[in-house]
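Here are my notes on this entry, as numbered points. Please read them with the viewer open.

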Amino acid sequence: MRPRRLLYGLCLAAGLLLAPLIARAEDGYDLWLRYRPLPQAMRTEPRIPGPPSMSSSPALDLAQGELQRGLSGLNPDEPGLDAPTIELGTPKSSALVAGLKLPLKDLGDEGYLIRTLADGKTTVIAANTDIGVLYGVFHYLRLMQTGARTDKLDVRSVPKVRYRLLNHWDNLDRSVERGYAGQSLWDWWRLPDVKDPRYLDYARANASIGINGAVLNNVNAKSDSLTAPYIAKAAALADAFRPYGIKVYLSARFSSPIEIGGLKTADPLDPAVRAFWKAKADEIYKAIPDFGGFLVKANSEGQPGPQDYGRTHADGANMLAQAVGPHGGIVMWRAFVYSHEQPDDRAKQGYAEFKPFDGQFAENVIVQVKNGAIDFQPREPFHPLFGAMPKTNLGLEVQVTKEYLGFSTHLAYLGPMWEEVLKADTFAAGPGSTVAKVVDGKLHGYSRTLMAGVANIGTDRDWSGSQFDQANWYAFGRLAWDPEASSEAIARDWAAMTFSPDRRFTGPAVAMMMGSREAVVDYMTPIGLHHLMGRSHHYGPGPWVSGGERADWTSVYYHKADKAGIGFDRTASGSNAVAQYTPPAAAGFSDLSKIDEKDLLWFHHLPWTYPTRSGRPLWDELVTRYSRGVRSVEGMQASWATLAPYVDPERHAQVAIYLAIQRREAQWWRDASVAYFQSINGLPLPKGEAPPPLPLEAYERMQFPYAPGI
Ligand code: BDP
């Protein structure tokens, strides 16, 4: 044998030997779309459908392929002769669907029906559009993956929110601001020539949860993204995503007319500036005919904006809206604005700057509002703008990446956090005026609705930096589709699809997930405290952070602890931020007898001796909660250990290691916070509470110059 042949033979033999081992290793790449064989008792073995009877399209081919892939993975046995059959399509693509005269009218462009026909043997997945069919297929497969009955189906689903977008804070050098899952997926350097197959996997995963748009670049944007070479790169991504129903959007830097347009100004009322944006929009739409539109962070944290020219947010947003409007595009204008030159409570600034302009934004503008008035903290009361702008489309922005909840190594399922906000009552049109009803447009009749999630996705094999962080991506998509969905039901689906549908697994796993965010709140920012993390990288505790370039980036600005007490007085005796809410909502926050203690120190400055509802004085309650958080993590560790029989060793081990990190860091948060606040109040610890093992200075001295995500 010639040496090359020999080498080839050896490699082949080694490959064959190793293949079963490699195939068994699970690294999380498959997400919730694993399609591993179901336990025998759950199998139904439907007959895999043939190609569409009348016409096809890329999306329909994908739907067909996905169904085949799912069914043959989940039910590897040959279907029996009397196996049920599945028909999928639109009235245009399927003669059966056309003939059935199904009630498709109200399904719109994205909804679908899944129905078992009277013969009890045929199930149709039908929609008005091919993408609707694809969504229906993913729903059908989810039912199978979670072990639900599929023999008598009557499902109808229509998204309640029109724009369901991921916001990638990805930079052109492939770093990701606040990203903890590796580099950016977008290989800007090699695009547009090299089209990483992972772009398709990304799009497929998003389609499976109904996400229909991606903002490709960081809100702290560079103008380069709008130059011809980068438009071509974005167009290549748009081509990859299109069959999956995903449009691309770009963050636009407001000063681009100066930086890449050769103008002296970016004043939105200047005719040359308006002409620049119009020409830029035309150029983009030429390359990407279904381009979604622009996302803009203006006049916030040093970003340029219309106020630099004495103009308003409405002036800026409307100018861009006019440029993309003729092409069907939208502008998402962020309400996350605040300035350290403004002495008033930072929590009040978004409302103060936007509320006066209600009704002045163009119809294709959506003002994008973070869930709370400060900044993605582990817990914030809902943003006062919700319910306050009936004449302006408002969208909700949440952070899927866990900048403030332990990066990727803490297990925190964010579904309950978003559900808490979505269920919060604004009382804008009487009781029941929830944030969900504002966001889905029902309350005020918005013409455009939006939910945006700051993505937690990167080049890590498991996409999100941890197995359980995939659940946050998943839950975001599901809640954007239906903001009134139950985060617990979503967690159950995810756990079943991602690990095992066995109830002995999903029961404890879902319990862990549902308690996990509250655990983080306990060990980081209990009882309404907020913004206590390390400076700039935001890793670990930093309640002592003070001084520096801006007060509103310190911790002492927010906790206001002194010898006598702690908390931010946002009632009438303090900043009166509470007055930005409707009177009934405000009363619920300012009245000490009514307020939920979870928000107590967000709105009130109270003495350390203040009697909390547990009967403990405030200081004792605070310490108790810090320690409770650490114990909750120990509980998760114990629970996870018992779940080993249901999870492949690779993923089980990764989660266990991360939980050990979380346990250690929860203790660190508790100890450092207790040491700091005790240095301020000089009070003894409640009985049974261990003193922090290190002196305060030791915690303060810790430096993390290489923390990820900056
Ligand atoms: C903050 C992040 C910062 C973002 C900012 C934003 O620390 O990196 O630029 O939000 O939303 O939480 O613009």
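How far is an oxygen atom of the ligand from an N or O atom in the side chain of Glu403?

1. Glu403 and the ligand. The distance is 2.5 Å, between a ligand oxygen and an N or O atom of the Glu403 side chain. Keep in mind that this is a predicted model. The protein covers 97% of the accessible area that the ligand has on its own, which is 320 Å².

2. Glu177 has a side-chain N or O atom 2.4 Å from an oxygen atom of the ligand. For Asp375, the corresponding side-chain distance to a ligand oxygen is 2.6 Å.

3. The shell. There are 14 residues around the ligand. Those that come nearest are Glu177, Lys297, Arg334, Asp375 and Glu403. By class, the shell holds eight charged, four nonpolar and two polar residues.

4. An unreviewed UniProt entry places "domain: Glycosyl hydrolase family 67 catalytic" at residues 144–463. In the model, this span is 25% helix and 13% strand. Its end C-alpha atoms are 24 Å apart.

5. A cis peptide. Which two residues does the cis peptide bond join? They are Leu191 and Pro192, with omega about 0 degrees. Pro192 belongs to the loop between strand E5 (163–167) and helix H5 (198–208). Please look at this bond in the viewer.

6. A positive phi. Leu31 is not a glycine, yet its phi is positive, near 55 degrees. Where is Leu31 placed? Leu31 falls in the loop between helix H1 (3–24) and helix H2 (58–74).

Definitions and conventions. Residues numbered from 1 in each chain as written. Predicted model: local features only at pLDDT ≥ 70, side-chain atom pairs only at ≥ 80, totals over all residues. Heavy atoms only, no water. Near = heavy atom within 4 Å. Polar contact = N/O pair within 3.5 Å; in protein donor to acceptor, adjacent residues only side chain to side chain. Areas by Shrake-Rupley, 256 points an atom, 1.4 Å probe, with all protein chains shown as cover. Nonpolar A, V, L, I, M, F, W, Y, C, P; charged D, E, K, R; others polar. UniProt positions renumbered as here; feature names shortened; annotations may be inferred. Helix = DSSP H or I, 4+ residues; strand = E, 2+ residues; numbered from the N terminus.
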